[in-house]
Amino acid sequence: MSEKAKLILQGKEYEFPVILGSENEKAIDISSLRAKTGYITLDPGYVNTGATTSSITYLDGELGVLRYRGIPIEQLAEKSTFVETSYLLIYGNLPNKQQLEDFSKSLTMHSMIHEDMKHFFDGYPAAAHPMAILSSMVCSLSAYYPESMNVFDNFDMQVPRLLSKLRTIAAFSYKKSVGHPVIYPQNHLSYCANFLQMMFAVPAEPYEIDDDMVRALNILLILHADHEQNCSTSTVRLVGSSQANMYASVSAGILALWGPLHGGANQAVIEMLESIHNSGTKCADFISKVKDKNSKARLMGFGHRVYKSYDPRAKILKQMTDVILAKRGISDPLLDIAKQMEETALSDPYFIERNLYPNVDFYSGILYKAMGIPVNMFTVMFAIGRLPGWIAHLKEMMEDPNTKIGRPRQIYTGPVSREYVPIESRK
Ligand code: ACO
């Protein structure tokens, strides 16, 4: 693109190239700014900063569009599986029949964790949050695979190993938290069916796979599989940019995901709905509270850094939630509160003016709850879903010859140079 951006500083004019993405997204390339001018840009929360170019996910927050490798999320949710979508994200294209078979087979072959690692679970207190266990376990995997200290060492083995083992670790941590014996993966089951049986089977009884539950889980994981440069993905990229290994980078991503403003929001949504239900708070009163800046309360599951219209993932989940609740004959008062809350918020000028709509987490918590997944496992589910996105970004970054170690700058606002004062002379 020949368009240039001009910047005038202290009377001097500088030109910077304008970059155009494949969906006409525009950016000013300021990579030479400091060298040319001595200035840096200041952009708290990176709201205007593109850290990279990327060909993985496209999203348009104003129009509510989300596509993985060009394919609309609605089509993937309807027609694909989580395993196929993972392949698409990581390798760039939908797999052919043979590629999908091989990929699925390697997921099956890597589903066990080293027996020694099982003892790690015993070291955690019963009340430990499964995200703490998950992140430490993933980092510990690096101790078992010292031959994979570089992202591209046996990449095609590291990918299924991590995807498959994360699911096993997640299910084992749940079983440990409820004091049940762990259930091993079974090779004849699909990725999602296997997770459900590891979570819910008990040794004494046969476990029957429910196809609707398997479908719902596939959809949930597909919808969470990538969301371009979000907090956890940016963390994975930043850690990976130091050439840390894949387990270390993903473990850092899991920790970034844990916070209630990111992946922890689905747990926060259920806790919020439960507290409204238990206290008998009126929906309108709660909405007034979140609008009051002094209260510091937020309507969890509402608002998004990028989506300024209805999150397309929330739409799909809302429908799936109704299907599972009807199928399982569950009438959930929390769902009624959620629907009432959504209706009230969407017609309130505070939310309209600020473009605050339900995000993916508004309904994912209710769906997980309907599927029998406990609240403290919600963010773990998000991590299982987001893993292929993290790996895809790590791969893309490491393949890019222009990648540099991530190292933002700052504008210093502390004291200027001053002398050290001995303790006896200090006030
Ligand atoms: N409830 C009430 N007010 C809100 C909410 C909310 N959920 N979200 C934003 N606002 C208000 C803010 O108070 C602010 O108002 P002001 O302009 O009067 O000061 C305005 O809307 C803009 O909010 P910011 O926090 O500046 O928006 P930002 O883009 O930085 O934050 C975020 C996005 C963190 C997601 C925010 O909307 C939020 O906290 N939502 C609730 C938590 C949540 O659901 N997180 C999940 C995100 S999706 C995901 O990670 C998968």
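A crossing of two helices is called right-handed if the near helix is turned clockwise from the far one by less than a right angle. The legends below describe close-up views of a predicted model.

**View 1. Packing of helix H10 against helix H18 in the predicted model.** Helix H10, which spans residues 231-240, and helix H18, which spans residues 378-399, pack at an angle of about 40°, and their axes are 9 Å apart. On the H10 side the contact involves Ser232, Thr233, Val236, Arg237 and Gly240, which meet Arg386, Trp390, His393, Leu394, Glu396, Met397 and Met398 of H18. Sorted by class, the residues of this contact comprise 5 nonpolar, 4 polar and 3 charged.

**View 2. Contact between helix H6 and helix H7.** The axes of H6 (residues 130-144) and H7 (residues 155-177) come within 10 Å of each other and cross at roughly 140°. An angle has to be over 145 degrees to count as roughly antiparallel, and H6 and H7 are therefore oblique to each other; the crossing of this pair is right-handed. Helix H6 contributes Pro130, Ile133, Leu134, Met137, Val138 and Leu141 to the contact, while H7 contributes Leu162, Lys165, Leu166, Ile169, Ala170 and Ser173. These residues divide into 10 nonpolar, 1 polar and 1 charged.

**View 3. Contact between helix H7 and helix H11.** The axes of H7 and H11, the latter covering residues 246-258, come within 11 Å and cross at roughly 35°, in a right-handed crossing. From H7, the residues Phe155, Gln158, Arg161, Leu162 and Leu166 meet Met246, Tyr247, Val250 and Ile254 of H11. The contact of H7 with H11 has 7 nonpolar residues, together with 1 polar and 1 charged. Leu162 and Leu166 of H7, which take part here, are also listed in the contact with H6.

**View 4. Surroundings of the ligand.** The ligand is surrounded by 20 residues, of which Arg298, Leu299, Gly301, Phe302 and Tyr350 are the closest. A polar side-chain atom of tyrosine 350 lies 2.8 Å from a nitrogen atom of the ligand, and a backbone N or O atom of leucine 261 lies 3.3 Å from a ligand nitrogen atom. At arginine 354, an N or O atom in the side chain is 2.9 Å from an oxygen atom of the ligand.

Conventions:
Residues numbered from 1 in each chain as written. Predicted model: local features only at pLDDT ≥ 70, side-chain atom pairs only at ≥ 80, totals over all residues. Heavy atoms only, no water. Axes fitted to C-alpha atoms, helices over the stretch in contact; angles between N-to-C directions. Helix = DSSP H or I, 4+ residues; strand = E, 2+ residues; numbered from the N terminus. Parallel < 35°, antiparallel > 145°, perpendicular 65-115°, else oblique. Contact = heavy atoms within 4.5 Å. Nonpolar A, V, L, I, M, F, W, Y, C, P; charged D, E, K, R; others polar. Near = heavy atom within 4 Å. Polar contact = N/O pair within 3.5 Å; in protein donor to acceptor, adjacent residues only side chain to side chain.
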